[in-house]
Amino acid sequence: MNTTTRISSLILMGAVAIAASAKDTVSHQALDSAMTDHHIIYFGDADKGLPTDEQQRELIERFYVNQFENTLRPDAPYFLFMSRDANLVMGIGGNVKLRAYFDPGNSQKGASFSPYDIPIGNNTLNNNYLGTSPAGSALYFRVIGHSRIGSYQVYIKAKFDGGSSGKEFKLNKAYASLNDWTLGYDTSTFSDGSAAPPTVDNNGASMSMDYTTMLVRYLHTFPKSGISIAASLEAPGLTTKADLLSDGSPASAARSQSVPDVAAMVQYQWAAGQHVRLSGIVRRLPYRNLVDNTSHSPIGYGVQLSAVYAPVAPLTLYGTFNIGRSYTNNSGDFLLGDYDLAGVEGAAGRMSTVPSWSYLAGASYYFSPRLFSSVSFGQARVTDSGLSDHYKYGLYGAANVFYNLTSRIQFGAEYLFGRRADYTGSHARANRISLMAQFTF
């Protein structure tokens with residue numbers, strides 16, 4: 001080990017000791033342990049010496065702290081390039097996530113588990129499915145720095161998705177931020193992915209609101225009060241389920257959207273990783289009534305209350321509740337259906353927004369910084385009885401255990417339960433057992 005590496009290791013250990021003194025939860029002790037596991041390569045004028053421990057800590061923590069990231073995010077890269085004047089740090093990192101899963105009895109043939117996908121009916125072809133998937137494996141590049149105009153960040157991430165095969169490599173994030181402004185493909189301001197417990201399944205907790213979209217966002221935090229506010233304009237999207245006329249032709253159709261979605265949130269954080277947040281979203285949903293040739297633009301909206309709370313050091317509690325009309329196309333379970341606009345029964349050509357609500361509650365417990373477990377339960381429900389042949393509600397439950405062999409090698413096991421019910425009275429259940437190995441670099 002050369003002198004520069006030894007010095008950087010000592011500085012990082014000191015930084016972590018300072019950080020640990022300010023954080024009392026075991027989960028943050030585990031995070032502090034991960035923060036020491038970096039190899040820093042310095043560049044720039046050697047006469048400037050090395051960054052101070054405070055400067056290094058500030059830059060490295062920015063890899064881990066994000067208002068809109070969820071618990072499935074990868075750690076900071078093992079190899080980091082840092083300027084000696086502490087104005088720039090960059091890294092290329094990622095993780096390899098490997099899963100094997102088994103669905104006893106009724107099964108859904110997909111790498112991710114969702115109550116919406118549970119097959120209705122007793123079909124022996126769906127029984128006892130064994131699958132494997134690299135879904136959740138990701139590669140990303142991040143640059144964080146300071147300039148004369150302020151702090152900035154550039155981030156791009158691609159990963160294998162959780163679809164039917166879990167083997168499609170897709171763009172997941174691509175954004176740039178300067179001070180309080182963010183522009184690009186990032187997590188919606190309506191989301192609070194950190195208010196859901198960690199899961200082995202790559203889909204995450206199925207009832208949580210956590211999705212990515214093109215946006216421009218303003219986010220400001222008042223450090224002394226712990227209050228953060230944010231607002232964004234986000235790219236619109238519209239799905240419809242229209243009635244058909246007797247000749248099979250459509251009675252209505254979606255129109256092009258020309259107004260962005262508007263999302264906002266206010267959050268109070270009283271300690272690292274603990275907060276309560278109120279979020280909202282408003283959407284304009286234009287369509288054309290092809291029967292009487294008229295245009296309409298109903299409004300969809302959603303309100304969400306979410307929280308993360310650690311009453312004692314090893315225990316963290318999570319909770320999310322949301323309600324509204326035609327906002328559900330943004331959530332994990334409803335994302336798979338056509339629930340923005342639906343045809344009105346008995347009124348050909350007319351469409352309406354769809355009311356619904358969902359909740360998720362969970363907890364995680366750290367037996368030690370290396371060993372922890374979590375449980376969660378949630379429900380999503382469409383409350384429009386006019387959808388006579390549609391999804392009515394889904395129940396979701398998860399219990400898992402994780403073990404960190406090192407700060408960058410993790411193993412996990414999980415049991416998942418789901419139930420789907422339709423307005424026709426049909427319903428079905430499914431179970432899944434998963435094993436996971438994850439390697440972060």
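Modeller: One definition is needed at the outset: pLDDT is the predictor's confidence in each residue, from 0 to 100. The model is predicted, and pLDDT stays under 50 over residues 1-23. For that stretch the model has 31 contacts beyond four places in sequence.

Colleague: Where is confidence lowest, and where is it highest?

Modeller: The lowest mean, 34, belongs to helix H1 (residues 3-21), and the highest, 96, to strand E10 (residues 227-234). The average over the protein chain is 81, with 81% of the residues scoring at least 70. Where pLDDT is low, the predicted coordinates should not be read in detail.

Colleague: What makes Arg420 a buried residue?

Modeller: Buried means under 20% relative accessible area. Arg420 has 11%, and therefore counts as buried. Arg420 is found in strand E24 (residues 409-422), and its contacts other than neighbours within four places in sequence include Pro115, Tyr116, Tyr391 and His427.

Colleague: How do you know that the side chains of Arg420 and Asp422 form a polar contact?

Modeller: The cut-off for a pair of N or O atoms is 3.5 Å, and these side chains are joined at 2.8 Å.

Colleague: What is the position of Arg420 relative to the ring of Tyr116?

Modeller: Arg420 lies over the face of Tyr116, at 4.8 Å from the ring centre; the limit for that distance is 6 Å. The charged end of Arg142 likewise sits over a ring, that of Tyr155, 4.0 Å from its centre.

Colleague: Why is the pair of Trp357 and Tyr359 called stacked?

Modeller: Centres must lie within 6.5 Å for rings to pair, and planes under 30 degrees apart count as stacked. The count by this rule is 13 aromatic pairs. Trp357 and Tyr359 are 6.2 Å apart centre to centre, with 15° between the planes, and form a stacked pair. Trp357 is partly exposed at 22% relative accessibility, as is Tyr359 at 25%.

Colleague: Which values describe the pair of Phe372 and Phe402?

Modeller: This pair is stacked as well, at 4.9 Å centre to centre and 15° between the planes. Phe372 lies in strand E22 (residues 371-382) and Phe402 in strand E23 (residues 391-406), so the pair ties together parts 30 residues apart in sequence.

Colleague: Are Phe372 and Phe402 buried or exposed?

Modeller: The limit for buried is under 20%. Phe372 has a relative accessible area of 5% and is therefore buried; Phe402, at 2%, is buried too.

Definitions and conventions
Residues numbered from 1 in each chain as written. Predicted model: local features only at pLDDT ≥ 70, side-chain atom pairs only at ≥ 80, totals over all residues. Heavy atoms only, no water. Helix = DSSP H or I, 4+ residues; strand = E, 2+ residues; numbered from the N terminus. Contact = heavy atoms within 4.5 Å. Buried < 20%, exposed > 50% of the residue type's maximum accessible area, 1.4 Å probe, protein only. Polar contact = N/O pair within 3.5 Å; in protein donor to acceptor, adjacent residues only side chain to side chain. Phe/Tyr/Trp six-rings, centres within 6.5 Å; stacked < 30°, edge-to-face > 60°. Lys NZ or Arg CZ within 6 Å of the ring centre and 35° of its normal.
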